[in-house]
Amino acid sequence: MNVRHVRAVLRREALELRRNRLVALTMAILPTALVASAVATTAFIARTPEGEFRGDVPAGLAPQLRALGHGRDALLGLVADQYLYMLLLIALALPSTIAAHAIVGEKVERTLEPLLATPIATSDLLLGKCLAAVVPATLITQLGYVLTVAGFAWTCPPSVVALTCRPVWPLAFGLVVPALAMLSALASIVASSRVNDPRTAQGLVGFLVIPVIGAGISSVMGRLFLDVGHLAWGALGVLVLDTAVLWLAVKLFSREAILTRWK
Amino acid sequence: MIRAQGLGRTFGRFVAVESLDLDVAEGEVFGLLGPNGAGKTTTVRLLTGVIEPTSGTATVAGHSVRDAPEKVRAQVGILTETPGLYVRLDAVENLRFFGELAELSGLERRIQEVLSRLDLWHRRREPVGGWSKGMRQRLAIARAVLHAPKVLFLDEPTSGLDPEAARSVRALVSELRAEGCTIVLCTHNLDEAERLCDRIGILKTRLLRTDTPARLRREFAEPRTVVRLGAPWTEDLEARIAAWPFVRSFASAADGGEGRTLRVALAAPDLDTPALVRALVEAGASVRSVADETPSLERVYLDLVGAAHDDAAGGGAS
């Protein structure tokens with residue numbers, strides 16, 4: 001790996017991203033809406049009198065949520081937990097927005113051929129483009145977590161806030177989010193190096209959100225209450241997938257196919 | 001500096017370049033001429049190590065395009081058909097990115113040097129998206145020469161430029177040539193090729209012919225003697241000209257007034273021109289002027305490419 005080449009690609013992508021207001025705006029909308037929605041929803045629930053919730057919370061909730069009581073606080077705990085799952089999806093959605101344009105966008109703007117005519121290795125180019133998608137997506141997702149928890153501290157009782165700060169969530173946002181973002185970015189690059197349209201590439205990457213949504217649904221059904229053990233297995237799976245997709249990306253990314261077949 | 005032997009590239013069943021043998025010496029400006037789809041861009045991509053050949057071999061600046069394409073890419077500069085600049089970035093940011101990929105030391109100084117040379121230094125902080133086509137082309141050339149490459153590939157460097165911008169690009173190519181840079185110039189502009197290139201290769205999937213512009217003209221296009229005649233012009237005179245032994249062929253056309261213009265192919269132009277004039281005067285023609293017509297490179301090009309087309313069509317029919 002040539003660190004100078006990776007850094008050069010990363011710096012240029014960051015410069016372009018900063019000046020492309022449309023992409024910057026697209027990146028800001030989803031996390032802003034999610035954080036605002038999380039805070040607004042929990043604020044609305046918290047304002048509703050406790051008495052109105054008796055009997056409305058499913059009995060099949062995870063024991064940790066039931067421990068909050070069967071009323072408002074249990075519902076707040078469940079909703080807060082669900083929003084944190086949704087925040088994890090940002091780590092999958094944002095990199096695909098950036099990375100799907102990483103190769104196809106250059107082809108469309110006809111900047112790819114001069115770039116591919118430089119001595120940069122394919123792996124370094126891919127890594128630079130990946131990091132350019134992963135770094136902002138990770139930082140935005142982590143910031144989203146911090147703001148959401150800060151919002152919960154304002155809208156929810158301490159027992160619910162403690163639930164959202166239990167070790168598994170900081171670990172998930174601190175360590176697993178970069179790996180998830182990397183998986184999304186790599187998969188987008190694989191897709192965008194094989195298709196002619198960034199939207200198709202983004203569409204193909206949409207499948208990655210299924211496991212995270214599945215975890216959220218399992219949580220609602222009381223089958224899963226995310227803990228460090230689950231996270232460790234999930235993280236291991238994501239890392240294995242990262243390695244496999246990186247290998248696939250380097251194998252599949254063909255300079256000449258992109259130059260000669262893409263129109 | 002460039003040596004290709006039997007170089008070829010197919011895409012599925014489509015043959016883009018076939019059996020290309022080429023030698024370009026250090027410091028030479030080599031023109032690659034050919035119609036659209038002749039394989040010029042594929043040849044450049046093969047010789048810059050961007051795509052792999054399906055047959056044959058080539059070395060550029062001492063490195064094999066097949067075995068060490070990254071080393072080849074480090075030694076060459078390329079100007080693609082379109083400038084391919086990052087339009088949201090300014091000139092310095094564009095060049096800095098490519099300079100970092102080339103791992104140049106003293107990069108900022110070098111950027112200032114090339115931008116000043118191309119008269120772009122005063123515009124260095126503007127996003128290049130707002131620049132004119134000529135300025136973008138100059139910046140693309142600056143990018144191609146930034147790392148002082150041993151070989152420079154220029155694909156249609158003046159295409160779409162206004163005459164003044166085209167002239168400044170041609171002047172730059174001449175300067176680079178004077179500095180000893182080996183240049184491969186792909187162009188449709190035959191006048192440009194003739195003015196800038198030491199040798200020219202005419203490509204149509206295969207390299208049809210390689211030589212200096214002067215030799216190509218001499219070998220492939222017959223020189224003509226152009227005689228302008230005053231009135232009267234008679235069919236009898238036409239028949240007599242056709243019978244003169246030193247006339248190989250001729251064509252006549254009205255010159256707009258009452259006179260005629262004759263284009264005569266002589267057996268030995270240097271010796272036979274006086275005989276032609278004498279014979280015309282004796283035949284009663286009024287000779288207004290006599291001039292040699294140098295065959296154009298365009299004629300050579302059209303003849304060669306046309307013949308290749310006919311061969312291909314004939315081959316296809318059989």
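Modeller: Val227(B) sits in strand E11 (residues 224–230) of chain B; helices (H or I, at least four residues) and strands (E, at least two) are DSSP runs, numbered from the N terminus. This is a predicted model, in which local features need pLDDT of at least 70 and side-chain atom pairs count only at pLDDT 80 or more, while totals for chains, interfaces and linings use all residues. Residues are numbered from 1 along each chain as its sequence is written, and chains are lettered from A and ligands numbered from 1 in the order in which they are written.

Colleague: Is Val227(B) buried or exposed?

Modeller: Val227(B) is buried, since 23 other C-beta atoms lie within 10 Å. The cut-offs are 20 or more other C-beta atoms within 10 Å for buried, 12 or fewer for exposed, and partly exposed in between, with C-beta atoms placed from the backbone.

Colleague: And which residues does Val227(B) touch?

Modeller: Leaving out residues up to four places away in sequence, Val227(B) touches Leu262(B), Val264(B), Leu280(B), Val287(B) and Val290(B). A contact means that the two C-beta atoms, placed from the backbone, lie within 7 Å.

Colleague: How is chain B split into domains?

Modeller: The assignment gives domain 1 (2–218) and domain 2 (222–293) of chain B; such bounds come from an automatic or database domain assignment. The centres of the two domains, taken over C-alpha atoms, are 46 Å apart. For a residue pair, take Val227(B) and Lys40(B): 187 residues apart in sequence, and 40 Å from C-alpha to C-alpha.

Colleague: What about the overall make-up of chain B?

Modeller: Chain B has 11 helices and 14 strands. Its radius of gyration is 25 Å, well over the 20 Å that the globule rule gives for 318 residues, so chain B is more spread out than a compact globule. That radius is taken over C-alpha atoms, and the rule is 2.2 Å times the number of residues to the power 0.38. Along the principal axes, the C-alpha atoms of chain B fill a box of roughly 75 × 50 × 30 Å. Of its 318 residues, 39% count as buried.

Colleague: Where is the kink in H8(A)?

Modeller: At Val176(A), about 45°, shortly before the proline Pro178(A). The bend at a residue is the angle between axes fitted to the seven residues ending there and the seven starting there. H8(A) is also largely enclosed by the rest of the structure, because 19 of its 25 residues are buried.
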